Amino acid sequence: MKGKKANILVGICGGIAAYKICQVIRILVKDDYSVKVMMTPAASEFIQPLVFKELTKNPVYLDMFSYSAENTPHIKLSDWADLVMVAPLSANTLSKITCGICDNLLTAVICAFDPKNPVLFVPSMNEKMWNNPVIKKNLSRLNKIKNYIIFEPKAGGLACGAKGVGRMPEPEEIYQKIEAII
Ligand SMILES: Cc1cc2nc3c(=O)[nH]c(=O)nc-3n(C[C@H](O)[C@H](O)[C@H](O)COP(=O)(O)O)c2cc1C
């Protein structure tokens, strides 16, 4: 991989931990990585795309079918990225990726991404969702894919107010993980 100034594509799902990604992106941009952000429709319910446009100085990618966007944005974005990180990875998107579903820009990019390059998944959810046997099964299927790296959630206070396993690692830890992969 290219080391510093690699292209990092950050995919954001509809999870309460989406707010933590602002800090991760700030650290990456300060460290001279090129960062682009794509969001699921649910993610933009949690945080305004404008925040990421300002932090990355790049457009934010939301829609596969926008006429103002580039042609085949899922292919262009997957070709651009050296590493894709999906954080927070929701239970919903985790399960869709496991089945090869590509019904939005984020899932289509994952499907089109070169399997020689790494994908870092950072799941985060309420402990009840995390312990759901279907989610556990889907996660173990993702774990078997060679270029997929799962950064598992921690135990502690969850942003929804509950306590348990499901908490997303802190921004600095996510940054360290990316550095270790690249
Ligand atoms: C307030 C709130 C917080 C949520 N937090 C999470 C979460 O942390 N993790 C998760 O997997 N789903 C969470 N959900 C559910 C997802 O937003 C929902 O499953 C959504 O369809 C995910 O869409 P996406 O995978 O396309 O982003 C939350 C929903 C609400 C309303």
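Predicted model: local features only at pLDDT ≥ 70, side-chain atom pairs only at ≥ 80, totals over all residues.
**View 1. The shell around the ligand.**
By that cut-off, 15 residues surround the ligand, and the closest are Gly14, Gly15, Thr40, Ala42 and Ser90. Sorted by class, the shell has eight nonpolar residues, seven polar ones and no charged ones. If you want to know which element gives the largest share, look at helix H5 (residues 91-98), which supplies three residues.

**View 2. Helix H5 and what it packs against.**
Staying with H5, the residues Ala91, Thr93, Leu94, Lys96 and Ile97 are buried. The buried residues of this helix pack against strand E4 (83-89), H6, strand E5 (119-123), helix H7 (127-130) and helix H8 (133-143). Just past the end of H5 sits Gly100, with a positive phi of about 75°.

**View 3. Where H5 crosses H6.**
The axes of H5 and helix H6 (residues 105-112) come within 10 Å and cross at roughly 35°. The crossing is right-handed. On the H5 side the contact is made by Thr93, Lys96 and Ile97, and on the H6 side by Leu106, Thr107 and Ile110. Counted by class, that contact comes to three nonpolar, two polar and one charged residues.

**View 4. Ile110, a closer look at H6.**
Ile110 lies in helix H6. Is Ile110 buried or exposed? It is buried, because it has 24 C-beta neighbours inside 10 Å, and 20 or more is enough to count as buried. Leaving aside residues up to four places away in sequence, Ile110 touches Val84, Ile97 and Val119. For a sense of scale, Lys5 is 105 residues from Ile110 in sequence and 21 Å from it in space, C-alpha to C-alpha.

**View 5. The six-stranded sheet.**
Six strands make an open sheet with parallel pairing, and their order is E3-E2-E1-E4-E5-E6. Strand E3 (60-61) and strand E6 (148-150) are the edge strands, each pairing on one side only. Strand E2 (residues 34-39) runs parallel to E3, and two bridges join them. Val37 has Val60 in E3 as its bridge partner. As background, strands of a sheet pair through backbone hydrogen bonds, either parallel or antiparallel.

**View 6. Strand E4 and its partners.**
Why is E4 described as largely enclosed by the rest of the structure? Because seven of its seven residues are buried. Four bridges join E4 to strand E1 (residues 7-12), and the two run parallel. Another parallel pairing, with E5, also has four bridges. Val86 is a handy landmark for both pairings: Gly11 stands opposite Val86 in E4, and Val86 stands opposite Phe121 in E5.

**View 7. Thr56 in helix H3.**
Thr56 lies in helix H3 (residues 49-56). With 20 C-beta neighbours inside 10 Å, Thr56 counts as buried. Which residues does Thr56 touch, not counting those up to four places away in sequence? They are Ile25, Val29, Val35, Lys36 and Val37. Take Lys36: 20 residues separate it from Thr56 in sequence, while the C-alpha to C-alpha distance is 6.4 Å.

**View 8. Ile16 in a loop.**
Ile16 is found in the loop between E1 and helix H1 (20-30). There are 18 other C-beta atoms within 10 Å of Ile16, so Ile16 is partly exposed. Setting aside residues up to four places away in sequence, Ile16 touches Phe46, Ala159 and Cys160. Asn126 is 110 residues from Ile16 along the sequence, yet their C-alpha atoms are 9.6 Å apart.

**View 9. The E7 and E8 hairpin.**
Strand E7 (residues 154-157) and strand E8 (residues 163-167) run antiparallel, joined by four bridges. Ala155 stands opposite Val165 in E8. The hairpin has five residues between the strands, and in it Gly161 takes a positive phi near 105°.

Technical notes:
Residues numbered from 1 in each chain as written. Near = placed C-beta within 6 Å. Nonpolar A, V, L, I, M, F, W, Y, C, P; charged D, E, K, R; others polar. Axes fitted to C-alpha atoms, helices over the stretch in contact; angles between N-to-C directions. Left-handed = near helix turned anticlockwise from the far one by under 90°. Contact = placed C-beta atoms within 7 Å. Pairing = 2+ DSSP bridges. Buried ≥ 20, exposed ≤ 12 C-beta atoms within 10 Å, placed from the backbone.
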